[in-house]
Amino acid sequence: MTGIRTLCFLVAWFTENAIVTCFQSQQRQPHSSTTRLLSSNNDLFPAEKSSAGPKPIDPSGWPMKFPAKEHCSKCGLCETTFVEHVKEACAFLDDGMSKIDILEPLVHNGRSRKNNDVDEQRFGILHQPVQLVRGKNMEGAQWTGAVTSIALSMLETQQVDAVVCVAGKGENDDDWSVPQPIIARNVEDVLRGRGVKPSLSPNLNLLDQIQEDPTIKRLLFCGVGCAVQAFRAVQGKLKHVEEVYVLGTNCADNAPTPEAASNFIQSGMKISPEKAVKGYEFMQDYRVHVKLEDPSSGESEYVTKPYFSLPASVADPSIAYSCRACFDYTNGLADVVIGYMGAPIVPGMRMDDPQSSQQTLTVRNERGSKMVQTAVEQNRLWINPEPPLDKGKHELTAINTVWSDTLVMGLYQENLDLPTGMPEWAGNILASVLQQVGPKGLAFARYSIDYHVLRNFFHVLHQCKGDQLETFKKLPESSRQLVQGYLGSSKQIKELKEKIQDQFKHKI
């Protein structure tokens, strides 16, 4: 089964014709619950308080005691008294991520993204073109330390009083899989936030602490797209906070729990639980990269494994349902965003290589530009004067990836025979070939974005029992137009949609 898919995939690469897509549609009116105006402090009108006041939800009841149920991204909002605003703030209730279309111009000084622009449609509002950057002298970072460098610079120059970031749990913040949101007030605290925590993180569970602290008047909030959307909806209710900055990261496919993240490392990567994991990522060379450390000797180790050699059985338990309903991979409501999928990679390169590793920088407004300039002036951030590489077509790669995705197949096919993965030697050959002939740089980033938007469209379509109109109500306009373009140009994408819809026809 795996061999057949691989052969088809390679044939598609070498016989690819230009795909002409037309992403045009009429302007959509916001769904009912998002037509409410936003107050002057960029906050959705609040829900009514009960006589007893809002009651936070016990996190031990996650996910089924939370409003979004299995699609709850555990952002932390419901674990605070701000739970009263969950209907308006949550990225996975009612209109879902289509609320971005309302919030975007309020956050970005009246500017909405240009959906007729191939890059703004995918990457979000671009105050300036996407650039490549590298954090300076940031030992212990997952990548180059660009996020930490910007956060440190803002705190060091006293432009903010506090930074919301995520440390690891444990005595020395050494539990890589367990996120622990903190309010950082000094350099040492910010440094605790180095490294990606690969499971859902409740960054907003700090809202009540911020609300009660009159010394926090200028706040830097760090987070992924779903958390940022919820934060933007309630930031104006933080009574002492007068100025807000948001530093975002690109994000896709987090593990639902720390246990799921650990299981992926052990079952998917076949790494012993005795090894201390320092971070892992799905990289642009079609391989998973893992940083390890031997607890007894302290020696570091770096392991890679091609995507194609992973057993398909690890996908479902390793990817949170909220991530399958997400259409904000690129964090459209942040002031500035750091990512990596559009950055260059060369054979043998480590993600934290201080000389060759780079990250992408997306600036969305003047606040974001100020944050970046501050980091440069503090000598904490290097900006590559050359534009990112942008080579190759991405559409057919996205289509073939979705077509062969077992998560998508599972939406319309029962008792799926899950492939166990290629032998590693074969997976490495395929990864190397695709790295040579496939999309590179920003083109690779477009591929990754399109794939996730399409896959997640099918997930939400299944959630909506095949109702395409209801599904589109939950997508931001950019994603809706992107999906419509593929439905109009690709027989495979149209066929997948019809297979999912056919399951529900007899029930209508």
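## Strand β1 and its partner β10

Strand β1 (residues 131-135) and β10 run antiparallel and are joined by three bridges; helices (H or I, at least four residues) and strands (E, at least two) are DSSP runs, numbered from the N terminus. Within this pairing, Leu 132 has Thr 360 of β10 as its bridge partner. The model is a predicted one, in which local features need pLDDT of at least 70 and side-chain atom pairs count only at pLDDT 80 or more, while totals for chains, interfaces and linings use all residues. Residues are numbered from 1 along each chain as its sequence is written, and side-chain values use heavy atoms, with hydrogens and water left out.

Strand β10 covers residues 359-363 and includes Thr 362. Thr 362 counts as buried because its relative accessibility is 8%; buried means under 20% relative accessible area, exposed over 50%, and partly exposed in between (1.4 Å probe, protein chains only). Beyond its neighbours within four places in sequence, Thr 362 is in contact with Phe 123, Ile 125, Leu 126, Val 130, Asp 335, Val 336 and Val 337, where contact means heavy atoms within 4.5 Å.

## The mixed sheet

On β9, β10 pairs in the antiparallel sense through four bridges, and Val 336 has Val 363 in β10 as its bridge partner. Strand β9 (residues 336-339) is covered on both faces, with Val 336 and Ile 338 buried on one side and Val 337 and Gly 339 buried on the other. Strand β5 (residues 243-249) pairs with β9 in the parallel sense over three bridges, and Thr 249 stands opposite Ile 338.

These strands belong to an open sheet of eight strands with mixed pairing, in the order β3-β2-β4-β5-β9-β10-β1-β11. The edge strands are β3 and β11 (381-383), each pairing on one side only; two strands pair if DSSP finds at least two bridges between them. From one strand to the next, the twist averages 30°.

## Helices

Helix α12 (residues 366-377) lies across β4, β5, β9, β10 and β11 and runs at about 75° to β5. Helix α8 (residues 225-234) lies across β4 (218-223) and β5, at about 150° to β4. Axes are lines fitted to C-alpha atoms, for helices over the stretch in contact, and angles run from 0 to 180 degrees between N-to-C directions.

In helix α9 (residues 258-268), the buried residues are Pro 258, Ala 260, Ala 261, Phe 264, Ile 265 and Gly 268. They pack against β3 (175-184), β6 (276-282), β7 (287-293), β8 (300-306) and α10 (315-318). Just after α9, Lys 270 adopts a positive phi of about 60°.

## Salt bridges

The structure holds 20 salt bridges, each defined as a side-chain nitrogen of Lys or Arg within 4 Å of a carboxyl oxygen of Asp or Glu. One of them links Glu 104 to Arg 113, with the closest N and O atoms 3.0 Å apart; both Glu 104 and Arg 113 are buried. Another joins Arg 287 and Asp 285 at 3.8 Å between the closest N and O atoms. Arg 287 counts as buried because its relative accessibility is 10%, and Asp 285 is buried with a relative accessible area of 7%.

In helix α19 (residues 491-505), Asp 502 and Lys 505 lie three residues apart, about one turn of the helix. Their side chains meet in a salt bridge of 3.2 Å, N to O. Asp 502 is partly exposed, at 43% relative accessible area, whereas Lys 505 is exposed, at 54%. Elsewhere, salt bridges that share partners join Asp 119, Asp 390 and Arg 446 into one network.
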